[in-house]
Amino acid sequence: MDTRDPSAPPRAQSAPADNPTRTRRHGGGITHDNTRHTTRFVVIGNHLVQHKELSLLAIGLGCHLQSLPTGAGADIKSLAARFPEGPTRIAAALRELEAHGYLRRERHRTETGRIVTRTVSCNQPHASRREPADTGCPPAKRKAASQRRTVQKALPAVPQPSSTAPALLQTATDLLATLRRHDPRLLLSATDTAHLVPGVAAWLERDVAPSAVRHALTTGLPDESLRRPAALLAHRLTDRLPPPPPFRTQSAVVPPPRHPLRNCEGCDRGFRAPGTEDRCRDCRTIADGAPPGTPPGHVPSHTR
């Protein structure tokens with residue numbers, strides 16, 4: 001008999017989203033055909049690829065960033081040139097990753113004084129940032145990297161003046177204290193001011209006016225906020241240090257000889273001349289002949 005079971009469902013039902021095991025129990029769902037990777041692979045945590053709050057674009061972008069080598073372009077412009085998604089969607093995905101701890105953006109100053117933004121991809125967003133990640137490097141290398149980060153926090157060296165006159169150092173201190181009037185971002189602490197004073201004094205002793213020093217330190221500053229204004233000022237004091245002013249040594253200036261004082265044998269007037277001369281200039285002129293235009297019988301006034 002063609003009798004139907006009234007309790008059987010009319011068609012197969014899909015498994016609900018909150019119970020994926022039901023699909024696997026009935027033979028559906030995904031299966032894996034895996035081959036072990038030996039080169040060109042990256043380990044991605046399930047906490048990222050199965051994240052419940054991140055969008056699919058953010059998850060895919062996070063996996064891509066973790067696969068990039070150090071130094072590769074990870075800014076919005078570079079990613080938009082690599083993928084079909086536009087800059088707006090990529091920027092939103094980067095903000096998602098940053099909000100959930102998979103991404104950090106840090107600003108650093110290069111040796112030339114330029115400020116650049118570095119993107120840090122984190123494969124363990126909940127790990128402490130103070131603990132170095134296990135990258136397979138020997139502990140000695142990790143310790144050296146930590147020491148380099150510590151050295152970067154110290155202010156750059158500044159030029160040292162040849163004079164430590166109190167008036168010169170006080171002028172340099174007053175100049176640094178007034179920089180905040182020209183740019184509020186240049187508010188310096190007492191420690192930073194003490195470090196920068198010798199550099200400003202080195203400029204002042206090179207015949208640079210205080211207004212010119214202030215202009216060199218406050219003109220052309222970056223538009224963004226200054227994380228370490230004292231480091232920027234120290235770099236400018238060193239990088240833009242003018243040359244010493246021109247000067248003449250005493251050996252280059254030869255004073256005229258000073259001859260002894262003697263009396264003229266013609267008019268008995270005192271004059272200075274080498275030992276080979278026994279007459280003054282006027283008497284020598286008369287002896288050599290009167291100059292053109294001298295009236296006949298003219299006698300120098302000092303002989304009348």
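Visitor: Is arginine 105 buried, partly exposed or exposed?
Guide: This is a predicted model, in which local features need pLDDT of at least 70, side-chain atom pairs count only at pLDDT 80 or more, and totals for chains, interfaces and linings use all residues. Residues are numbered from 1 along each chain as its sequence is written, and side-chain values use heavy atoms, leaving out hydrogens and water. Buried means under 20% relative accessible area, exposed over 50%, and partly exposed in between (1.4 Å probe, protein chains only). At 35% relative accessibility, arginine 105 is partly exposed.

Visitor: Which residue meets arginine 105 in a salt bridge?
Guide: A salt bridge puts a side-chain nitrogen of Lys or Arg within 4 Å of a carboxyl oxygen of Asp or Glu. Here the N to O distance is 3.0 Å. The partner of arginine 105 is glutamate 98.

Visitor: Aspartate 183 and arginine 185 also form a salt bridge. Is aspartate 183 buried or exposed?
Guide: The closest N and O atoms of this pair are 2.9 Å apart. Arginine 185 is partly exposed at 27%. Aspartate 183, at 12% relative accessibility, is buried.

Visitor: Which residue in β2 stands opposite leucine 103?
Guide: Strands are DSSP runs (E, at least two residues), helices likewise (H or I, at least four), numbered from the N terminus. Strands pair if DSSP finds at least two bridges between them. β1 (103-109) and β2 (115-121) pair antiparallel over seven bridges. Opposite leucine 103 is serine 121.
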